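The following exercises concern a structure that is to be read together with its sequence. Work through each task before consulting its solution.

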Number of protein chains: 4
Amino acid sequence: MRKVGIIGLGHVGATVALDIVQGGFADELVLIDKNPEIARAEVFDLWDSLALQPYHVKIYAGDYHDLRDADVVLSTLGHIDAIKPGGDRFTELRLNAPEVKQVSDDLNASGFSGILIATTNPNDVIVEMYSHYLNLSQSRILGTGTYLDTARMKRQVAGHLNLDPRCVEGYALGEHGNSQFVAWSTVRVAGRLFSEIAKEKGLNLDAIEEDSRQGGFAVFNTKHYTNVAIAAATVGLMNLVLSDAKSSAICSHYDPQFNSYISTPALIGKNGVEGLIELPLTADEKVKLQASADEIQNKIKLFS
Amino acid sequence: MRKVGIIGLGHVGATVALDIVQGGFADELVLIDKNPEIARAEVFDLWDSLALQPYHVKIYAGDYHDLRDADVVLSTLGHIDAIKPGGDRFTELRLNAPEVKQVSDDLNASGFSGILIATTNPNDVIVEMYSHYLNLSQSRILGTGTYLDTARMKRQVAGHLNLDPRCVEGYALGEHGNSQFVAWSTVRVAGRLFSEIAKEKGLNLDAIEEDSRQGGFAVFNTKHYTNVAIAAATVGLMNLVLSDAKSSAICSHYDPQFNSYISTPALIGKNGVEGLIELPLTADEKVKLQASADEIQNKIKLFS
Amino acid sequence: MRKVGIIGLGHVGATVALDIVQGGFADELVLIDKNPEIARAEVFDLWDSLALQPYHVKIYAGDYHDLRDADVVLSTLGHIDAIKPGGDRFTELRLNAPEVKQVSDDLNASGFSGILIATTNPNDVIVEMYSHYLNLSQSRILGTGTYLDTARMKRQVAGHLNLDPRCVEGYALGEHGNSQFVAWSTVRVAGRLFSEIAKEKGLNLDAIEEDSRQGGFAVFNTKHYTNVAIAAATVGLMNLVLSDAKSSAICSHYDPQFNSYISTPALIGKNGVEGLIELPLTADEKVKLQASADEIQNKIKLFS
Amino acid sequence: MRKVGIIGLGHVGATVALDIVQGGFADELVLIDKNPEIARAEVFDLWDSLALQPYHVKIYAGDYHDLRDADVVLSTLGHIDAIKPGGDRFTELRLNAPEVKQVSDDLNASGFSGILIATTNPNDVIVEMYSHYLNLSQSRILGTGTYLDTARMKRQVAGHLNLDPRCVEGYALGEHGNSQFVAWSTVRVAGRLFSEIAKEKGLNLDAIEEDSRQGGFAVFNTKHYTNVAIAAATVGLMNLVLSDAKSSAICSHYDPQFNSYISTPALIGKNGVEGLIELPLTADEKVKLQASADEIQNKIKLFS
């Protein structure tokens, strides 16, 4: 049976829980928040829906001891309320860092040996912290990273062509933050390079890239949080682990080439990252990826 | 193609939109809020998820003109933030009533001729208002009513027996408010009357009924809103209409026996309420149901 | 991870495999047939669909050794081709019995310790055989029994009222064979006894019961097999086990009251039958249930 | 509401019906077979499952008159039983052609104006026939074509790398028959050209292509039909139409470049083919595609 823990029941954690219950994507779901009342309130709301759901899921507000045999733990904690409109994900680090340390200590004490997937921001710094603190090999720790930014890029590209975003292939790479970039050499629409299509149609790649990068803020500035797309990305990544899919996904993982956690495509299965995927990039893209890795490391150093 | 409109993008409306998109339950989804920025922010978050969803849904922030040919419109507007902990759903009426009038005028102007399903509270009063204002026959206007309270009752009953809530049958009837009651003569677990099981096990029916009635507040007092279960109820009801299910469901609808909107089981299909269902009730339950209908009418008179 | 084995890849086994893959209801699916070519052909057809499926499932043609750690094994073997139109499920016993013995020996040798669910007919006799041969406690062996006949009864009842079959509650009890019967005292439509509705509308309960009982043959006489509904019943039961639903379901299980496998409602969870459910029956229904149990035992004695 | 007709209830049609009902992909489903008994038997089996399905679908054995307002009609008729192991899809043409003429006449008489999607073989010849006979514009007639062969190619490529087939991009192009070919310049695994990976790993592209092309026969030679993957392809294509997805899909459609129906990627929405997609191909691939178009036209001429 598939046992999943969610740590942090803000908007993202709560939406992830909802997605899992509606899809029947776990058999046992443990909700944990530093404020146990919050976890309990979400459990009650989910329980109230169980008579109406197609699948049975055992849901409860638990503690770290319950995560000992969890297959996947999702770190969805955060302090997005601390970010001012137009701000940077890095603002949260000061608040999230001590909680990540505490969660790691508690997970270590529980004996947890599954896969940790974090949405907590700044994502690449946070997964590196988890990797530092947790008694888990690096390959068992993932961040959603630019999985979300890649989905945003696909939406932007598809929007300019009035197409289903699911026909866009390609990647936003690097930091889940300002130094990320769209690797246009990888972006294809139904098999054709989007950069060529854009040239024909007079579309500005830089503007599209900036819209992808700022996509979260377009939502955040009004809603004061984002939840739908980040939850979909988290659950998508979780399902690849739980079904041992051996599928490629873009996520933040340890990449020995940069000696850093950073988002490039990786092979995901029940053991987390089961293989690295070498993406053919242009020289310019390689420079940008190195710069983004450097930027992640600079942020980490600031906090070491 | 299934076209659905959502009016009011607070927590309930946004969660309903999410449920619809994840389940592929509509082909075209129009989001409207009195604050267009809010609708747009939700649309952006949903768009950002489209590359990750299994189904394609056309989603946009629209206006009432776009609802002319909608199959179903969901009224999810509300002012739950105006309710104080421990409060009554009736507190919202003063704020919701003028908006319901405006929405009705705008829907009438659009030529909308589909089915309206409201979650707006106080639910029975609100659907009666919609019925008064809208150019639609009474049978085309529904409220989620005690669909949600019934799900909460099933959870409470199942919880005492450590069972899946889906094996509990029966109904919470009357007002989606304090005068509602559990019709224990209808509540069965795997074919057996729960009242007998409760007697054997020394369970207190009144306490269980009170927990069902107050279930929303157990969530609300901490989260300051409820969304998961009410959204599941709304989408469940909507799916019965969209698939012309000819299925029985408990919801707030016009019941000529009481000359009032009130929750009793009804037959739901593409035309809304397509038939009334006569539920065998005890004399005591009949008295309670009449009293609950009176309570709804009293509230309506206060505001006429 | 959820590991499921299917033994017997005729129409039922193949359709069960299809349902599981489309629904993402297992993470690992092992197909076994006495003719390995058949299992391999189904695996190839399923593999050809994997790029088009929403979920990843690991599928392979295996042997009994692969079932050692399976959570559920489904016995879908059968010789329906041996039944002549209008025939009795008992005709198959002569052919199925030695295969059930062999499957049991092979499962025992594998060390399988999960739950076995059989669709093989005559179902109650077959599950008793499995119980005799397998190194598993009685509660870990289930037959689909009258789960299917109950669904057929709901369809027949709903059809006479032009309703969604999902609003019908109640049970067909006893043997998955000619001695089964509809316990009309349990059959309700939206909370009301169907027997009363039938009286009002002049519907003949006996004729409806006979249509339910013969429902399989109405399909079989033309298609020469049935697969859709029996597969849905099998997968439904399997999902209750895999999600540890603690849900009531009607299925063939060991009932100490009759010292026989027979279909009455039972509480289903990860350990198979986790509790018996006492159904309030009329005196007449109790007599019919005992008679059906006797019939099952008579058939078993014929073959002992 | 989404209304779909299925014409031809052999293994493919029956499996398509099952997929649609399980997924809730239509609200009204009309089954038609030249042998009405066959359609009725499938309807009965589907009805028997309705109490167990998550969604309501109105299903019935209809006649052509019922298809007047269908959104999509699926031509799944065929005579696969006439093909000998190792045979060619063309063998069926002699038997299928007069039925296609009759179906077209009946659809024209009904006033059907939706989208026709055919799985009937030889697929490209059959859709050209439908286009000749039906009172529908060419863009409203599609064949599953190499949608299926493309899925088979993805499985073969993924199988050699022990990966999820969903991470393979690219196309099998041309005839759904022996002249089809894999356009290796379009085949990428997680962004990297598979031809390069194959070179590194010493994999033989020609052998993989031949396995893709012969994938159906590997199933057919044992099962005597294929149904799972072709049904998944059909339903996938249908869902793009019903949801107006504006998504690219590989299917057999009229391509003015070749003045022929042939499989290349096309833009699919509620009007069928809503746009052509120019795929960058190598000179060698262009020659193969022209040759495949010629082969389709040769077959058509043989039968004109």
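**Exercise 1.** State which feature UniProt places at residues 146-301 of chain A, and describe the chain there.

*Solution.* The UniProt record, an unreviewed entry, places "domain: Lactate/malate dehydrogenase C-terminal" at these residues of chain A; such annotations may be inferred rather than shown by experiment. In this predicted model, local features need pLDDT of at least 70, side-chain atom pairs count only at pLDDT 80 or more, and totals for chains, interfaces and linings use all residues. Residues are numbered from 1 along each chain, chains are lettered from A, and side-chain values use heavy atoms. Over residues 146-301, chain A is 48% helix and 22% strand (DSSP runs: H or I, at least four residues; E, at least two). The end C-alpha atoms of this segment are 21 Å apart.

**Exercise 2.** Describe how domain 1 of chain A and domain 2 of chain A meet.

*Solution.* Begin with the bounds: an automatic or database assignment gives domain 1 (3-143) and domain 2 (147-303) of chain A. Their centres, taken over C-alpha atoms, are separated by 22 Å. Next, 38 residues of domain 1 are in contact (heavy atoms within 4.5 Å) with 43 residues of domain 2. Finally, the two domains bury about 3,500 Å² between them (accessible area lost on being put together, 1.4 Å probe, summed over both). Of this area, 67% is on carbon and sulfur atoms.

**Exercise 3.** Locate Ser131(D) and identify its polar partner.

*Solution.* Ser131(D) lies in helix 4 (residues 123-133) of chain D.

Technical notes: A polar contact is a pair of N or O atoms within 3.5 Å; within protein, one must be able to donate a hydrogen and the other to accept it, and residues adjacent in sequence count only if both atoms are side-chain atoms.
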